[in-house]
Amino acid sequence: MTDNQQMSLFPPRTVAELVEDIEQLTQEIQELYCLDEIPWCLGYSGGKDSSATLQLVWNAIAALPLEKRRKTIYVITTDTLVENPIVSAWVRKSLEQMRVTAQAQKLPIEPHLLHPDIKNTFWVNLMGKGYPAPRHGFRWCTERLKIHPSNHFIRDVVRVKGEVILVLGTRKAESTRRAASMEKHEAGKISDRLNSNSLKSLLYHSASLPNALIYSPIQNWRTDEVWIYLNQWQNPWGHSNKDLFSMYRGATADNECPLVVDTSTPSCGDSRFGCWVCTMVNQDKSMAAMIQNDEEKEWMQPLLDIRNELDERNDHDKRDFRRIYGRVELFEREVEGNTSVKPIPGPYKKEWREHWLRRVLEAQTHIRNTAPPDMRDITLITPEELSEIRRIWLEEKHEFDDSLPRIYEEVTGEPFQDSRPSAERKLLGSDEWTVLEEICDEDEMHLELMAKLLDTERQYQTKSRRGIYEAIEKCFNSSSRSREDAIDHAHYQRHLKNTVQDIKQDLSEVHELRQAWDKPKEEKPKQLSWASLKFPEQDSDTEDADG
């Protein structure tokens with residue numbers, strides 16, 4: 001939302017008016033907190049809006065007597081493992097200070113740092129499974145990285161308590177879209193719920209979480225009012241709001257990535273508090289500005305380079321011509337007035353998945369050697385992710401050359417230590433893969449088919465033989481045809497399907513005509529002719545009477 005829009009919808013207030021509003025919000029928070037036993041989950045990203053919200057709640061609860069601080073406030077932060085490293089370090093330190101200070105002040109505030117499941121992390125999906133960099137047409141990242149971790153935690157709270165109130169730093173002044181969404185899910189005034197005339201904020205229904213209501217105490221605050229509050233009121237858990245302001249000043253955008261609970265939340269790519277790999281926007285202006293505005297942040301340049309390399313709009317040459325399940329699927333579109341039917345590109349090819357692994361490991365190694373001392377322990381890809389990527393390549397993609405440990409050692413100079421039990425037990429390896437490459441003589445599809453058949457046989461040596469024929473048939477269905485034959489077969493299947501649909505349509509029309517013809521005689525419309533007009537038929541009763 002522009003400054004002019006903010007001015008029209010939320011006119012500026014004096015400092016005295018802001019102070020009065022803060023006092024009213026403090027009372028409102030206290031009354032809502034003491035109303036019942038429903039626990040609170042407060043979404044905290046480390047940015048200005050969530051920091052202001054947490055600061056309001058913290059000060060309000062701290063002003064209550066000890067006997068009234070009876071229910072827990074869960075402060076939840078989702079670390080996607082690809083967060084902007086500057087902010088990620090800031091948030092981790094803030095949560096640790098928060099934990100220590102809350103215990104010292106006897107406040108029922110529990111910080112929780114959430115992570116996506118290993119199978120859902122960004123690199124496991126991109127490097128392991130080969131998912132292409134996220135796009136608006138295939139935004140696979142948000143649900144896996146952000147929605148699932150936070151919603152899983154919230155649902156666990158709901159299972160125990162039956163209900164939950166989500167306290168968020170969302171503001172209507174952020175955007176017209178956000179304001180419309182908040183009004184759409186408005187549940188009613190808190191004053192209606194509390195039977196108190198002094199409370200005027202709103203609760204909102206969560207679009208995706210049953211038994212969850214959303215409370216946004218700063219929903220009507222302007223951006224400048226958020227900064228006035230943070231700069232004039234001391235941070236109660238000991239973190240520096242001045243440092244937070246400096247971090248914002250180092251970049252161009254002025255928004256943050258909120259707690260995400262459904263897919264209606266827009267991408268955080270324009271925010272310094274989003275993921276450094278985000279390709280949902282054309283350019284990561286905030287990270288570029290951080291690097292340009294501060295020499296001490298130049299060490300992040302390798303991250304920006306990887307992000308820009310990932311953000312290639314026409315990457316079809318890097319991807320398989322089949323979908324991830326091995327089938328060729330076609331899509332039709334109009335190109336300059338002509339209909340074009342082409343295969344839908346699938347996951348990244350083996351060489352490009354290995355390329356992204358090498359690039360990330362190179363960046364991680366470089367940063368650990370050159371970054372400022374407080375950032376040299378950075379981890380861009382975790383050992384658990386590397387182990388899962390290796391498992392996918394070996395067991396699901398049948399790439400028994402096992403290239404991950406080799407790439408890891410070439411880049412880092414250290415042997416790869418896999419935490420999975422029996423990870424090093426294998427009958428096929430890089431030597432067998434090299435022999436197979438020579439036999440197949442650069443025929444990629446032949447190599448893929450032979451590798452899948454050999455590895456499928458190996459896998460079933462330790463399993464029941466039941467299902468082996470289906471697994472072998474799956475190998476042939478996905479890999480027995482060359483690229484050209486597979487695409488031609490997909491076109492043939494499409495033509496056959498369209499022909500059948502046309503025949504069905506024709507038969508349906510014939511069936512309708514036949515039904516019309518088979519109707520009883522009196523229902524059929526009489527065909528008019530010269531004879532029927534000249535000698536109209538008489539009723540049988542009249543004929544009998546004349547006879």
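Buried means under 20% relative accessible area, exposed means over 50%, and partly exposed lies in between (1.4 Å probe, protein chains only). Keep those cut-offs at hand for the whole tour.

This is a predicted model, in which local features need pLDDT of at least 70 and side-chain atom pairs count only at pLDDT 80 or more, while totals for chains, interfaces and linings use all residues. Residues are numbered from 1 along each chain as its sequence is written, and side-chain values use heavy atoms, with hydrogens and water left out.

**Whole protein**

Start with everything shown. The protein has 21 helices and nine strands. Both are DSSP runs numbered from the N terminus: helices are H or I with at least four residues, strands are E with at least two. Of the 547 residues, 48% are buried. Accessible areas come from the Shrake-Rupley method with a 1.4 Å probe; for residues, only the protein chains shown count as cover.

Now think about contacts, meaning heavy atoms within 4.5 Å. Among contacts with a separation of 6 or more, 70% are between residues 24 or more positions apart.

**Stop 1: helix H18**

Select residues 468–479. This is H18, with twelve residues. From first C-alpha to last, H18 reaches 17 Å, close to the 16 Å expected at 1.5 Å a residue. The expected span is 1.5 Å times one less than the number of residues.

Which residues of H18 are buried? Pick out Ile468, Ala471, Cys475, Ser478 and Ser479. Look down the axis of H18: the buried residues fall within an arc of 100 degrees, so they line one face of the helix. The arc is taken from the directions from the helix axis to the C-beta atoms. An α-helix has 3.6 residues a turn, so residues three or four places apart point the same way.

**Stop 2: helix H3**

Select residues 48–62. The 15 residues of H3 should span 21 Å at 1.5 Å a residue, and the end C-alpha atoms are 21 Å apart, which agrees. In H3, 13 of the 15 residues are buried, so the helix is largely enclosed by the rest of the structure.

**Stop 3: salt bridges**

The structure holds 34 salt bridges. Each is a side-chain nitrogen of Lys or Arg within 4 Å of a carboxyl oxygen of Asp or Glu.

Show Arg319 and Asp315. Their closest N and O atoms are 3.2 Å apart in a salt bridge. Both Arg319 and Asp315 are buried.

Next, show Lys350 and Asp401. This salt bridge has its closest N and O atoms 2.8 Å apart. Lys350 lies in helix H13 (350–370) and Asp401 in the loop between helix H14 (383–396) and helix H15 (403–412), so the pair ties together parts that are 51 residues apart in sequence. Asp401 is buried, at 11% relative accessible area.

Move to Arg391 and Glu396. Their closest N and O atoms are 2.9 Å apart, again in a salt bridge. Is Arg391 buried or exposed? Arg391 is buried, at 19% relative accessibility. Glu396 is partly exposed, at 45%. Now select the network joined by salt bridges that share partners: Glu388, Arg390, Arg391, Glu395, Glu396, Asp402, Asp418 and Arg420.

**Stop 4**

Asp402 is buried, at 9% relative accessibility. Leaving aside neighbours within four places in sequence, Asp402 contacts Arg390, Leu394 and Lys426. Asp402 and Lys426 are 24 residues apart in sequence and 9.8 Å apart in space, C-alpha to C-alpha.

Jump to Asp320, in the loop between helix H12 (301–310) and strand E8 (330–335). Asp320 is buried, at 18% relative accessibility. Not counting residues up to four places away in sequence, Asp320 touches Pro345, Gly346, Pro347 and Lys349.

Then select Lys297, in the loop between helix H11 (285–293) and H12. Not counting residues up to four places away in sequence, Lys297 touches Ile86, Met290 and Ile291.

**Last stop: a surface patch**

Select Tyr492, Leu496 and Val500. They form a nonpolar patch on the surface, with about 270 Å² of accessible area together. Patch residues have over 30% relative accessible area and no salt bridge; like charges are joined within 9 Å, nonpolar side chains (Val, Leu, Ile, Met, Phe, Trp, Tyr) within 5 Å. Leu496 sits in helix H19 (483–517) and is partly exposed, at 39% relative accessibility.
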